[in-house]
Amino acid sequence: SHRTKRGRTSVSRIGSQPPKTMRGGGSETEPGICTKQSQRIHWAVQVIGWILVLYLCVGRGLSLFSYRKASAWAFVESNKDITTAGVAMNKGGAIADVLLYIPMIIVGLIGHRLKARWSNIFILGAASITVSSSLAWLFTIARARELTPAWKIACTGSHFLAPILLISPGVAYIVYMMVASWNARIALERSFFWAYARTGYYKSANKDVGRVLDTCSNDTLRLRLTNLDNAETWFISCAWLLLIIATAFFAPIYFENSLDKERERVGVLPNSSEHNTLTNICFAYIYGQVAVGVTYLIPLLFVGLCGRSMGASWWRIVLSATASVAAYLPIQPVVGMQYARSMIPRLETDRVGEAIWWIIFALLGLWGLGWILIELVRIVVSPCGTEKEQFPLLKRCIIREGEGEEAKFDQETDDALLHL
């Protein structure tokens with residue numbers, strides 16, 4: 001432990017050594033993919049990620065310009081198997097991948113290779129989207145087979161195995177990040193830096209200790225942290241509200257037994273027998289997104305919010321994974337329905353039901369993008385991102401302030417750090 005000039009222990013029960021530099025890059029106090037990882041994990045993320053990028057760029061990108069050629073090369077399902085409505089919804093999914101999914105993977109992999117802390121957000125988001133999109137496809141296949149014989153694809157063979165193979169590494173990476181955040185919390189508790197990072201971000205339980213630790217930071221940094229804390233609190237409040245709204249909107253569709261009521265809720269209406277088949281397939285794709293909302297998005301959001309209330313170390317990981325899905329989820333059904341209208345001239349929809357659908361999805365998307373931005377800003381301005389600069393400042397501050405009221409200060413520092 002560190003000792004002042006008078007020989008008293010400044011912090012007797014918490015280690016004061018700077019965070020150790022790990023072999024894989026980064027330090028033991030930085031949670032995420034840059035910490036406590038072997039070279040094997042590092043290269044596994046890189047190899048799997050770039051293979052997925054190559055597949056998505058060729059398959060999804062080609063389907064936007066020439067769907068027939070993409071289906072001939074077995075990148076997407078053919079018109080004969082999923083009908084015109086399925087092609088339209090698949091193009092909506094391709095737009096979602098090009099706008100959000102593929103850029104997140106590429107930026108995350110580049111940052112991961114450079115050992116940048118912000119890469120955590122992008123790779124974690126991409127892993128969560130991988131899980132949600134694979135689940136949505138399985139739900140869509142099952143629902144479409146139930147609604148119409150025109151749908152030729154079943155949950156067998158590659159159509160079932162491929163999503164399962166994608167879900168497994170996605171879930172594994174999310175769990176790995178949660179464990180890494182727990183390990184990082186333990187490592188941070190062993191350093192003065194952790195004490196400064198927490199008391200510089202949140203209100204200190206001890207005013208004297210908080211005053212001393214605040215002198216390590218300038219006014220601009222503290223203002224940024226305060227604004228960030230306020231913005232985060234506002235987004236958490238919005239997340240609880242969205243949890244209630246999404247549950248009220250998605251759950252009746254998922255658990256409803258009447259097909260007509262289900263379609264009425266999302267604004268997809270049948271008309272002639274031919275177009276009834278096409279609208280059923282459009283609804284099957286929308287149902288897939290709703291099912292993901294009920295079985296994945298809502299539980300994940302609830303767990304993240306409860307984790308924050310309990311002070312868990314992994315709550316940011318869970319909410320970041322949820323935010324990426326919330327931003328990605330609305331794109332396919334919204335864009336896919338626009339494609340469907342252009343490809344199916346007499347497709348009818350209920351404008352009121354569709355407007356409600358758009359509003360709910362818009363709120364989810366805006367919250368998801370906003371939370372991702374909040375997390376990126378937090379990584380940039382938080383003291384946790386500048387440990388090499390902040391740790392020496394804290395150490396000098398404790399030495400300087402401890403000389404005047406050494407006995408009182410040392411005891412209060414010990415007590416405050418133990419309860420952080």
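Contact here means heavy atoms within 4.5 Å. With that cut-off in hand, welcome to a predicted model, in which local features need pLDDT of at least 70, side-chain atom pairs count only at pLDDT 80 or more, and totals for chains, interfaces and linings use all residues. Residues are numbered from 1 along each chain as its sequence is written, and side-chain values use heavy atoms, with hydrogens and water left out.

The protein has 15 helices and zero strands; helices (H or I, at least four residues) and strands (E, at least two) are DSSP runs, numbered from the N terminus. Of its 420 residues, 53% count as buried, where buried means under 20% relative accessible area, exposed over 50% and partly exposed in between (1.4 Å probe, protein chains only). Among contacts between residues at least 6 apart in sequence, 76% join residues at least 24 apart.

**Helix H1 and Gly59**

- Buried residues of H1 include His42, Val45, Gln46, Gly49, Leu52, Val53 and Leu56.
- An α-helix has 3.6 residues a turn, so residues three or four places apart point the same way.
- Gly59 also belongs to H1, and it counts as buried because its relative accessibility is 3%.
- Leaving aside neighbours within four places in sequence, Gly59 is in contact with Ala70 and Phe75.

**From Ala74 into helix H3**

- Ala74 sits in the loop between helix H2 (67-72) and H3, and its phi is near 65°, a positive value in a residue other than glycine.
- This residue, Ala74, counts as exposed because its relative accessibility is 64%.
- Thr83 lies within helix H3 and has a positive phi of about 65° although it is not a glycine.
- Thr83 is buried, because its relative accessible area is 12%.
- H3 (residues 79-113) has 35 residues, but its end C-alpha atoms are only 40 Å apart, short of the 51 Å that a straight helix would reach at 1.5 Å a residue.
- A kink of about 75° in H3 is centred on Ala85; the bend at a residue is the angle between axes fitted to the seven residues ending there and the seven starting there.
- Just after H3, Lys115 takes a positive phi of about 60°.
- Arg117 is in the loop between H3 and H4, and it counts as buried because its relative accessibility is 14%.
- Arg117 and Ile379 are 262 residues apart in sequence, yet 7.3 Å apart in space, C-alpha to C-alpha.

**The largest pocket**

- The largest pocket holds about 860 Å³ of space.
- Closest to its centre, of the 30 residues that line it, are Tyr55, Arg60, Glu77, Trp137 and Leu166.
- Helices H1 (39-65), H3, H4 (119-147), H5 (158-188) and H10 (273-310) each give two or more residues to the lining of the largest pocket.
- That lining divides into 16 nonpolar, 11 polar and three charged residues; Ala, Val, Leu, Ile, Met, Phe, Trp, Tyr, Cys and Pro count as nonpolar, Asp, Glu, Lys and Arg as charged, and the others, Gly among them, as polar.
- On a 1 Å grid over the protein atoms alone, a pocket is an open set of points where a 1.4 Å probe fits, with protein on both sides within 12 Å along at least five of seven lines, and lining residues have an atom within 4 Å of a point.
- Grid points are joined across faces, edges and corners, and a volume is the space filled by probe spheres set on the points.

- Ser134 is placed in helix H4 and counts as buried because its relative accessibility is 5%.
- Beyond its neighbours within four places in sequence, Ser134 is in contact with Pro163, Leu166 and Ile167.
- Gln289, in helix H10, counts as buried because its relative accessibility is 5%.
- Not counting residues up to four places away in sequence, Gln289 touches Ala136, Leu329, Gln332 and Pro333.
- The C-alpha atoms of Gln289 and Ser132 are separated by 8.5 Å, although the two are 157 residues apart along the chain.
- Helix H12 (residues 331-343) has buried residues including Gln332, Pro333, Gly336 and Arg341.

How values were computed: The expected span of a helix is 1.5 Å times one less than its number of residues.
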